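Here are my notes on this one, as numbered points.

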Amino acid sequence: MSFIAEDHAMMARALQLAERALFTTTPNPRVGCVIAKDGRIVGEGWHHQAGTPHAEVHALAMAGLAARGATAYVTLEPCSHHGRTPPCADALVKAGVARVVAAMGDPNPEVNGQGMKRLAEAGIETEVGLLESQARELNKGFLSRIERGRPWVTVKTASSLDGKTALLNGQSQWITGPEARRDVHALRARSCAVLTGSGTVIADDPQLTVREVETMRQPMRVVVDSALATSFDAKIYNTEVAPTWLATAVADPARHAPYLARGVHVKVLPAADGRVDLAALLSTLAEAGVGELMIEAGAGLNGALLAAGLVDELYLYYAMTLIGHHAHGLFEWSELTCLRNKQAVRLLDCRAVGADLRLICAVEAFRPAA
């Protein structure tokens, strides 16, 4: 498999197009397509929203007759099945393209190589793997849901430089500045769902909606409330603003009734310790189409998710301030008695966001243990 500079440039453009749908395609993947002929782009498009035409359809419509004999660059293997839209592989065959280059295969069992196979059987030259890592990064939530059966989990924290998220009396607004908060809203906007715990709902009564950036949809909100300690009047249970799930260990239907009356979807997922089974919750969310899950919670839930090995990435926002020892921290778990059990993270990005510092870190496979 050998790609020339033109191939790289065209696929890079297709990835740029796919990124335009960063906030809109859930639960579908973000896909871009470029159709090129004689070194010139004759058609391009991207998948805007679930249920609407796919990227290839937009690009073919723009290309028209110029698609015949051209090369189509697509960031994900063209679909081969009838869903809410017809198969893109068939559209490419009908248009008469000579070559299709896909950044990556589609692990969806309904596709999984069948799209490229259909193209090859029609006599079209096919290649897969150009800028694959970039394509996977763009669709890490979709891929996690399909390949691992759980969402891609990103924990966001905002703290002082000494790692404190709130004063001992609970005051926390605002530690970081407006630029950092806007950045957080962009992270919410790309997420399928935002998850928090009962402690955060009781202390802050947050909405957890996207307000600082333009978006066509609001992510689903998920509250982990093992004992049903949160008030059904909390802002987050206003389902006219955005859908809300409530995960609890309480099975009593009478206790669910006030939340159900507000349109909240209640899931009973008890673990052996009487708390919510977090792994089961993530699997249930994946089944509901949640690919990217953002965590905006307190130290207890953050720590529990880390300790269970359920966190993939950290977005750590640090204000250039010091709050001191008597304040709330970022992560709680059992006391470590050996440093080799510390949780390792790998720095992916470090940059200033306004007056604050943002670190993006990948969470390594091993996790803290007592």
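1. Ground rules. Rings of Phe, Tyr and Trp (its six-membered ring) pair if their centres lie within 6.5 Å, with planes under 30 degrees apart counted as stacked, over 60 as edge-to-face and the rest as tilted. Keep in mind that this is a predicted model, where local features need pLDDT of at least 70, side-chain atom pairs count only at pLDDT 80 or more, and totals for chains, interfaces and linings use all residues. Residues are numbered from 1 along each chain as its sequence is written, and side-chain values use heavy atoms, with hydrogens and water left out.

2. Aromatic pairs. By that rule the structure holds two aromatic pairs. The ring centres of F232 and Y259 are 6.4 Å apart and the planes sit at 90°, so this pair is edge-to-face. F232 belongs to the loop between β9 (220-224) and β10 (244-248), while Y259 is in helix α9 (residues 253-260), so the pair ties together parts 27 residues apart in sequence. Strands and helices here are DSSP runs, numbered from the N terminus (helices: H or I, at least four residues; strands: E, at least two).

3. The other pair. Y237 and Y259 have ring centres 5.2 Å apart and planes at 75°, so they are edge-to-face. Y237 lies in the loop between β9 and β10 and Y259 in helix α9, so parts 22 residues apart in sequence are tied together. The ring pairs link F232, Y237 and Y259 into a cluster.

4. How enclosed is the cluster? For burial, the cut-offs are under 20% relative accessible area for buried, over 50% for exposed, and partly exposed in between (1.4 Å probe, protein chains only). Y259 is buried, with a relative accessible area of 5%, and Y237 is buried too. F232, at 36% relative accessibility, counts as partly exposed.

5. R20 lies over the face of W46, 4.8 Å from the ring centre. The criterion is NZ of Lys or CZ of Arg within 6 Å of the ring centre and within 35 degrees of the ring normal.

6. The five-stranded sheet. Five strands make an open sheet in the order β2-β1-β3-β4-β5, with mixed pairing. β2 (40-46) and β5 (125-128) stand at the edges with a single partner strand each, so one side of each has no neighbour in the sheet. Neighbouring strands of this sheet are turned by 15° against each other on average, direction ignored. Strands count as paired if DSSP finds at least two bridges between them. Strand β3 (residues 71-74) and strand β4 (residues 99-102) run parallel and are joined by four bridges; Y73 stands opposite V101 in β4.

7. Helices on that sheet. Helix α1 (residues 5-19) lies across β1 (32-37), β2, β3 and β4, running at about 145° to β1. Helix α4 (residues 114-121) packs on the sheet and touches β4 and β5, its direction making about 155° with that of β5. Contact means heavy atoms within 4.5 Å; axes are lines fitted to C-alpha atoms, for helices over the stretch in contact, and angles run from 0 to 180 degrees between N-to-C directions.

8. Strand β12. Both faces of β12 (residues 292-295) are covered, with E292 and M294 buried on one side and L293 and I295 buried on the other.

9. What surrounds T154? This residue of strand β6 (residues 152-160) counts as buried at 7% relative accessibility. Leaving out residues up to four places away in sequence, T154 touches L187, L293, M294, I295, E313 and Y315. The side chains of T154 and E313 make a polar contact of 3.5 Å (a pair of N or O atoms within 3.5 Å; within protein, one must be able to donate a hydrogen and the other to accept it, and residues adjacent in sequence count only if both atoms are side-chain atoms).

10. Strand β16. Seven of the eight residues of β16 (residues 356-363) are buried, so the strand is largely enclosed by the rest of the structure. Strand β13 (residues 313-319) pairs with β16 in the antiparallel sense over six bridges, with Y315 opposite I360. Strand β15 (residues 345-353) is also antiparallel to β16, over eight bridges, and C350 has L359 as its bridge partner. The hairpin of β15 and β16 has two residues between the strands, and G354 there takes a positive phi near 65°.
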